[in-house]
Amino acid sequence: MKGIIFPARGEVTCASLPDPVAGNGEVVIAVKSSGLCHTDFEVLKANYGTSAFPVVPGHEYAGVVADVGPGVTGFAVGDRVVVDPNLECGTCRACLRGWAHLCDSLGAYGVTENGGFAEFSRVKASALHRIGDMDFSIAALCEPMGCVLNGLDAVRSPITDNALIFGAGPMGLLLAMALSARNVPDIVFTDIDDTRLELAASFGFNFVTSGSSQLAALHHGVDLVVDATGVPAVAGNLVNYMANGAKGLFFGVCPSDARIEMSPFEVFRRQLTFAGSHSLNHNIPQALETIAAFGPDISRVVSHRMPLEDVSNILLSSPPKGSLKIQATIS
C-alpha cells in the first residue's frame, strides 16, 4: 500500500508500505478521508506525547472495513466507519475515572501506532463507529469535533448567553457550531484575518475585528471566552473579556514553554473559572450527532482535499496560506 511515514524525527516520506493484516479483535479499514492536524507536525518533531518512529501519522480518518480479524463481532466488510484514535491503558487513575484522554500512558493511532495517512489502517474493532451514509470527508471531522465537545464539557455552565472565540480557523468554527447546537444564542468571533471572519459570518456567526472598538466594548461582558489560536498573548488576554462568574477555555495549543500573567485576586474576586482541554474522550457518537445536526454545510470547514503525496509535501513545509482543514482523499 501507499502511505506517509515518519521514519525518524523530522523525516517524512510517501512510500510503499506493507499491507496491514487484522489480528485478534482488529479490523483493517480502507481509508477514504484523513485530516491533517497541528498535532501531526508536533508528532513529526517528537513534541507530542510518546511519539514513536517509524510511524504512519494521521488520527482524523474514516473509511470502509476491508478485513475483519478473529474474535470481531458487530462489524463486517463494507461497513462505513470512523476511527476513535485514542489508546488508553484502562488501569491508571485517570482511566478509572473515565478520563481516557488523560491516561498516564496515552497513545493514539497516528502517534504511537500507524494511523490514517495510508491506503489501509489496522485498528481495534472497539475504536470504530458506524457513519451510515455520511460523506467520508465530513465523518473525518468527528475527531476534531470530539475534541471540541470535550473542551466545552470542561466549561459547562447552566447559563451561557454569549461566547467570544479568538480564532476563526477550522477548530474555532467547529467550536461555534457545537455551541450553536447547545443553543448558545450569541456567538462572536474575532481574528486578524478578515477572510476567516467573512467565512464565520457566512455560517451565521457574528464577528468583531481584532483591535476594534466593537471588541473593546465586550470588556468584562462575555460568559464564555475561548482561545482557539494557540497564541500566548491571546490566551493571556481572555480575562479582559470575561464577565463576572464567566468561564475561560484554553483550547488552542500554545508552545509548551509559554507563560502568561494572571491576577489570582481578580480570579477570586470575580469568581472566574479557567479550563484547559486535551483531545477527545471517547465521544465520537456525540460528535457524529453534533455534525449531523449542523448539516452538510459543515463540509466548508475543509478547504483542501488532496492526494497523500501532496499532504506529505505539506508536512515537510507548512499548510497553504489561508487554508482551513486539509484532508487526504484516498480512492
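S10 and strand S13 (residues 222-227) pair in the parallel sense, over four bridges. For me, strands and helices are DSSP runs numbered from the N terminus, with at least two residues (E) for a strand and at least four (H or I) for a helix; two strands pair if DSSP finds at least two bridges between them. In this pairing I found Ile 165 opposite Val 226 of S13.

A caution for myself: this is a predicted model, where local features need pLDDT of at least 70 and side-chain atom pairs count only at pLDDT 80 or more, while totals for chains, interfaces and linings use all residues. Residues are numbered from 1 along each chain as its sequence is written, and side-chain values use heavy atoms, leaving out hydrogens and water.

Next I looked up S11 (residues 186-191): five bridges join this strand to S10, and the two run parallel. Leu 164 faces Val 188 there. The chain gets from S10 to S11 through H5, a right-handed β-α-β crossover (clockwise from the first strand over the helix to the second, with the strands pointing away from the viewer).

Which way do the S10 residues point? Asn 162, Leu 164 and Phe 166 go one way, Ala 163 and Ile 165 the other, and all are buried (under 20% relative accessible area; exposed is over 50%, partly exposed in between; 1.4 Å probe, protein chains only).

Last, I checked helix H10 (residues 284-294). Its buried residues are Ile 284, Ala 287, Leu 288, Thr 290 and Ile 291. The face turned away from them carries exposed Glu 289, Ala 292 and Ala 293. Just after H10, Gly 295 has a positive phi of about 100 degrees.
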